[in-house]
Each structure stands twice: as C-alpha cells, then as structure tokens.
Amino acid sequence: MSIELFAHPFSSYCQKALIAFYENDVPFTWRMLEDAGVGEELASLWPMKRFPILRENGRVVLEASIVIEYLQVHHPGPVKLIPEDPDLALEARMLDHFFDNYVMTPQGKFVFDALRPAENRDPHGVEDARKMLDTSYAWLDQYLQGRTWAVGETFTLADCAAAPSLFYADWTHRIPEQYGNLTAYRTRLLQRPSFARAVDEARRFRHYFPLGAPDRD
C-alpha cells in the first residue's frame, strides 16, 4: 500500500513536506484537500484538521517535520535531510523550529487576520508579527553569511522549512533589500528543483492568498 499524503499544494506546511518527497523521489498518493470527502476523512484521522498528514499501512504521521523524519527512517534516499552528524542534525532541527516559529507563524498571523471580518481584526497582533519578522530577517541575514544552505553546504530539514516560510513571508512583509544574504538564500531555495516543483503545482491557487499574491516568483 502506497503512502497517502493528505495535503493542499498551496499550504506552506504541505510544501515543506512535499520538498522532502521530491528530493528523494518518494512515490505517494495525493489525498488532495480540494477533492470531495477528503476533508472529512482527514478530520476522522486527526480532529485538529491540520495538514499535511501521512498515512501508510494504517499508521498516521502528524506534522510536517515529523513526516520528513518518517521518510528518512522508512524511505531513505540519497539526500539525507537529517544529517548523520549529531551536531549538524541538532542544528537542522533547531533551524527547522526557528523557521516554523519565527517566520511561518508571524507570517500566518497576517494571513489569518486578513481572513477575519473587519470588526474582529487584531491590528496589535499583526504589528507584533511584523516586528517578529523584522527581527527574524535581521538574525537570519547574519546567520546565513558564508552559507549556501541553512546548515552550511548540505540541504536539510531546515531548508524544507525555510523555503515556503520565506516564500510567503516575503509576499506578506517584504524582506528588506539590505539583507543580501537572506534574499540570495531565498532565491537559491526557489531555484531548488524540489521547491520549484512545489511552487509550480500551487500556482493555480494563488487567488486564495488574501493579501494579494504578487506577480514575482
């Protein structure tokens, strides 16, 4: 029985997992959230109704980071997204959490606020999210100096997290031009074939972006 991936192509966290599948050409069956009945099946497997989730041989795996770890354990390929070196593995996991917590989360605050009725919006929370992104951009620009990928020269779990988070964050709150290390890193991520494929698969859903998807990228 093949892997089933309950996901949506436009979701940042789904793209994070898709990069891992595409890096090692792991076959899977799409359980596309746009298709009839898939949302209800997802809810029966995971009441939080968050995605992606992976199902294989009756086992359900939650959360994009853990999906990537699962693939490395059960479907290993030439690209080792969790480095074998323990210290590099810790750094990859640390940066994975950084991108999720300090780039993806504040970026999402802008988006979810825009989806609310005007009377229920939270301008204070959005401003806090803006400040967090500003701080994250500045920190990342320094951290990435001299690095090709987040953990040096090796493409890892951290880059799977970075790609969609920086992709959408730059749409939401533009990365300042002064952060040359960070903007160059984002460009390299977009040129990575695995992420380029995920971006292309999501193009037809760009009208879903409530802040207005820019023409670039």
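Reader: Which residue forms a salt bridge with Lys16?

Author: This is a predicted model, where local features need pLDDT of at least 70, side-chain atom pairs count only at pLDDT 80 or more, and totals for chains, interfaces and linings use all residues. Residues are numbered from 1 along each chain as its sequence is written, and side-chain values use heavy atoms, leaving out hydrogens and water. A salt bridge here is a side-chain nitrogen of Lys or Arg within 4 Å of a carboxyl oxygen of Asp or Glu. For Lys16, the closest N and O atoms are 2.6 Å apart, and the partner is Asp96.

Reader: Why does the pair of Lys16 and Asp96 tie together parts that are apart in sequence, and how many residues apart are they?

Author: Helices are DSSP runs of H or I with at least four residues, and strands are runs of E with at least two, numbered from the N terminus. Lys16 lies in helix α1 and Asp96 in helix α4, so the pair ties together parts whose separation in sequence is 80 residues.

Reader: Is Lys16 buried or exposed?

Author: Buried means under 20% relative accessible area, exposed over 50%, and partly exposed in between, using a 1.4 Å probe and protein chains only. Lys16 has a relative accessible area of 0%, so Lys16 is buried.

Reader: Where do Arg31 and Glu4 lie?

Author: Their side chains meet in a salt bridge, 3.0 Å from N to O. Arg31 counts as buried at 18% relative accessibility, and Glu4 is buried at 10%. The pair ties together parts that are 27 residues apart in sequence, because Arg31 lies in strand β2 and Glu4 in strand β1.

Reader: How is Asp200 classed, buried or partly exposed?

Author: Asp200 and Arg203 meet through their side chains in a salt bridge, 2.8 Å from N to O. Arg203 is partly exposed at 39% relative accessible area. For Asp200 the relative accessible area is 46%, so Asp200 is partly exposed.
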